[in-house]
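Open the model in your viewer and have the selection tool ready. The tour starts at one side chain and then moves out to the whole chain.

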Amino acid sequence: MPGPDDDAVVVRGLVRSYGPVRAVDGLDLLARRGEVTAVLGPNGAGKTTTLECCEGLRRADSGTVRVLGADPHLAGPGHRARVGVMLQDGGLPTGAHAAGLVRHVSRMHAHPVDPATLCAELGIDAFARTTVRRLSGGQRQRLALACALVGRPEVLFLDEPSAGLDPQARQAVWSVLADVRSAGTAVVLTTHYMEEAERLADVVFVVDGGRVVAHGSPAELTSGTSADVARFSARPALDLDTLRRALDPAVSVVEHQPGQYLLEGKIGPQVLATLTSWCVSQGVMPDGLTVGRRSLEDVFLELTGRQLR
């Protein structure tokens, strides 16, 4: 069982406002060494502001933030050398060459990772002599991650590390982060990719309106209910009222995206028979019909709503 010495990031009652807008409203968060902690939430939920307070880039209005036992806003260079940060916008000098920048950052640390090895793992060799201003968004992401990792941080903060990455690059990043976690680093990341959170995270915090609305392991969050789900695709805007009347009231039906349908409840043979008969009456084929447990995305949408913000 983890003990207090494993607690790398401790946030209690964090409040941070921008004028009349309270971006973070009494948020609690805990991240441990050797674990990946994912912070999920809709746009504007307070994720980036929370990370910036943990990184020392912003000061809390109230509450406490401790990273490796210190207030990150007041901590000195020795503390900052133990923390790796990847900002959402990269924050990289646009005139620097990619591999040269990684080597430059490595010289700022006492025991850095070999820059050549890191560049090879993240595919930076392919654009090693290209300046930052000429890199694609995904290439900048990989370069920013390398700069955050090269100092062997004890705590690593990553804001949307996979944004803009193609599938091959995303797999490479996930592999590197798994190795970092295994080495004992506490990794705290925000992401909009539910697959990324399910694949990497030991603990997930779901944030909405500046507060934590749920937390636990991905398995705990998705198994906290007896509900099953059925998913299928068909033409958009089908008449779901007729299906709802035919089903047990305990089974809910929504079109969560145009042409993407979701049933939640106890999905047994009778429900599937009713669904297929209804599809016949609508003249549609339930393409990709699957039955299973709720995913992390299902839980996320249940907690934060399905409407655009």
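Select Ser 295 and Asp 298 together. A polar atom of the Asp 298 side chain lies 2.8 Å from the backbone nitrogen of Ser 295. For scale, a polar contact here is a pair of N or O atoms within 3.5 Å; within protein, one must be able to donate a hydrogen and the other to accept it, and residues adjacent in sequence count only if both atoms are side-chain atoms.

This is a predicted model: local features need pLDDT of at least 70, side-chain atom pairs count only at pLDDT 80 or more, and totals for chains, interfaces and linings use all residues. Residues are numbered from 1 along each chain as its sequence is written, and side-chain values use heavy atoms, with hydrogens and water left out.

Now color helix H11, residues 296–304. Asp 298 sits in this helix (a DSSP run of H or I, at least four residues, numbered from the N terminus; strands are E runs of at least two).

Is Asp 298 buried or exposed? Asp 298 is buried, at 5% relative accessible area (buried means under 20%, exposed over 50%, partly exposed in between; 1.4 Å probe, protein chains only).

Next, show the neighbors. Leaving out residues up to four places away in sequence, Asp 298 touches Val 229, Arg 231, Leu 262, Glu 264 and Arg 293 (contact means heavy atoms within 4.5 Å).

Zoom out. The protein chain has 11 helices and 13 strands. Its C-alpha trace spans about 70 × 45 × 40 Å along the principal axes. Of its 309 residues, 49% count as buried.
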